[in-house]
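Let's walk through this model together, one neighbourhood at a time. Keep the structure open beside you as you read.

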Amino acid sequence: MKKGDIIELEIESYAFEGKGIARINKSELNHVSNSIDKKYVIFVPHAYPGDIVKAKILRLKKSYGEAKLEEIIKPAEGRIEPECRYFGVCGGCKQQDLDYTLQLKYKEEQVIDVFNRLGGFKNFDVEPILASEKIFFYRNKMEFSFSEKRWLTPDEIKSGENIDSYFALGLHIPRMFDKVLDIDECFLQSPESNKILNVTRDFFKTRKTPVYSTKTHTGYLRNLVIRNSAHTKDLMVNLVTSEEDDKLMREYSDTLKDKIPEITTIINNINLKKSQVAVGDYEKVYYGDGFIFDKIGKYRYRISANSFFQTNTLQAEKLYGVAAGFAEFSGNETVYDLYSGAGTITIFISEFVKKVYGFESVQSAVDDANINCKLNNISNTEFVLADLNKSFLPVIRDLQIEHPDVVIADPPRSGMNPKTVNDILKLSPSKIVYISCNPATQARDINLLAEGGYKLVKIKPVDMFPQTYHIENVALLIK
Ligand SMILES: C[S@@+](CC[C@H](N)C(=O)[O-])C[C@H]1O[C@@H](n2cnc3c(N)ncnc32)[C@H](O)[C@@H]1O
């Protein structure tokens, strides 16, 4: 067998990032391996356990191979027709072709596998995965990109139509940072969001407004960010541009208000930098207050265009409920909420404990957190600006903050810096609740905490991102 061969494979199991795993006999390979294992693993993205597929060999490494799905000969049970016509081309959803019950089953098995096999953990409880109530239209924020390089789908190419490929507003094609799929419908946010997307496209396309080019760094349009509230009717449109054009922005804003009266605020973020981030150096509000309000549990949160906020609002309440349930607070605890963002967990647990300190490195998130505490009349919280890639013990010492009884940590995908893990060990809380959107780095960090005297008691995956392979997991450790 060699690179480029198309072979038939039966998918046996599900791996990291939703890839299908097939196992073939090593005797079928040309290269010799010293391993006593007679089977060789081949990863096939977009294939599910039970599929029989034709796949093209892309890479044959010593311990595993990678192949591209060419044809499904016999589909696995649970494969379904995707809702979205862009499925398979768009980078937004990857598992719309899989029944939701199976999405959940594979996510749960994946977490268990990571903890057992990679983490080497035994004797801990696994609570069943918590499903998301909404499996479509669950996101409260979508970030669309403008591009002067429109990606044409195979159907569009086949149609022979003369399509203007110099303007696109939609989502990026996987692994192609400059190519955008022009979409007029997405099932992740809300029907209003689709209306905004289409009115925006028509408005700028008919005016031939130039799109910002990542090559020449000229052009005006960069991103369209839409945020909506799950609990109120607040709806924000944020146009990210490379410069100010007050007249055009006013016209755009009037058109939006006229065509979509549900919109409550319109903002222009001006990003002067070359980097393609949908965050401006400054912003101008064209309509409304410049922010929206949403709720998690009984608490209200003010969200501005660039605030971090959990994207699946309804499921965030459940996630925080699991974390608080794992901690089993008595009411007397001092808690550290590490990586506290806009203070949503800090505020959510404040009523169950004596005092909560949130630690976060982004100043605007700390500012939002303070505003949100005021908004909810909460006085037993405090936010500390701290970079958790460095030791934060000096900050605690300087501010003379009491040591925690419980630590809650919710780091980014990369997990915790070993320095933070060491700091937690030195602070010696009786419980640690670790929330993560990457079970692999979570298991790695929990191993370090285990070496320092903590026992992994239980985990519970929570599905925050239906139709994708992304997994959120909550773990409880006790000293
Ligand atoms: C997954 S979010 C969690 C936010 C919050 N707990 C929530 O539920 O909304 C991770 C947070 O970690 C923050 N962060 C990333 N790197 C950090 C660092 N080195 N030090 C402190 N905070 C950091 C990010 O700004 C972000 O707010």
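This is a predicted model: local features need pLDDT of at least 70, side-chain atom pairs count only at pLDDT 80 or more; totals for chains, interfaces and linings use all residues.

Start where P418, V421, I424 and L425 of helix α9 meet D445, L448 and L449 of helix α10; two residues count as in contact if their C-beta atoms, placed from the backbone, lie within 7 Å. Helices (DSSP runs of H or I, at least four residues) and strands (E, at least two) are numbered from the N terminus. The axes of α9 and α10 come within 10 Å and cross at roughly 35°; axes here are lines fitted to C-alpha atoms, for helices over the stretch in contact, and angles run from 0 to 180 degrees between N-to-C directions.

Residues are numbered from 1 along each chain as its sequence is written.

Stay with α9, which spans residues 418-427. Which of its residues are buried? They are T420, V421, D423 and I424, where buried means 20 or more other C-beta atoms within 10 Å of the residue's own, exposed means 12 or fewer, and partly exposed lies in between, with C-beta atoms placed from the backbone. Seen down the axis of α9, these buried residues fall within an arc of 160°, so they line one face of the helix; the arc is that of the directions from the helix axis to the C-beta atoms. Their cover includes α8 (393-399), β20 (406-409), β21 (431-436) and α10 (439-451). On the face turned away from the buried side you will find the exposed residues P418 and K426. Just after α9, S428 takes a positive phi of about 55°.

Helix α10 also packs with α1 (residues 100-118), their axes coming within 9 Å and crossing at roughly 35°. This crossing, too, is right-handed. Here V111, V114, F115 and L118 from α1 meet P439, A440 and A443 from α10.

Now step back to the whole chain, which is divided into domain 1 (6-78), domain 2 (106-134 + 312-478) and domain 3 (141-296); these bounds come from an automatic or database domain assignment. In soluble globular proteins, nonpolar side chains tend to be buried together. The largest nonpolar core in this model has 106 residues, and those with the most contacts inside it include A323, A409 and I432. A nonpolar core is a set of buried Ala, Val, Leu, Ile, Met, Phe, Trp, Tyr and Cys residues joined through C-beta atoms within 7 Å.

A second, separate core of 15 residues includes A22, F43, V53 and A55.

Finally, visit Y48, in the loop between β3 (39-44) and β4 (52-60). Is Y48 buried or exposed? Y48 is buried, because 26 other C-beta atoms lie within 10 Å. Leaving aside neighbours within four places in sequence, the contacts of Y48 are I11, Y14, G20, A76, R79 and L98.

How values were computed. A crossing is left-handed if the near helix is turned anticlockwise from the far one by less than a right angle, and right-handed if clockwise.
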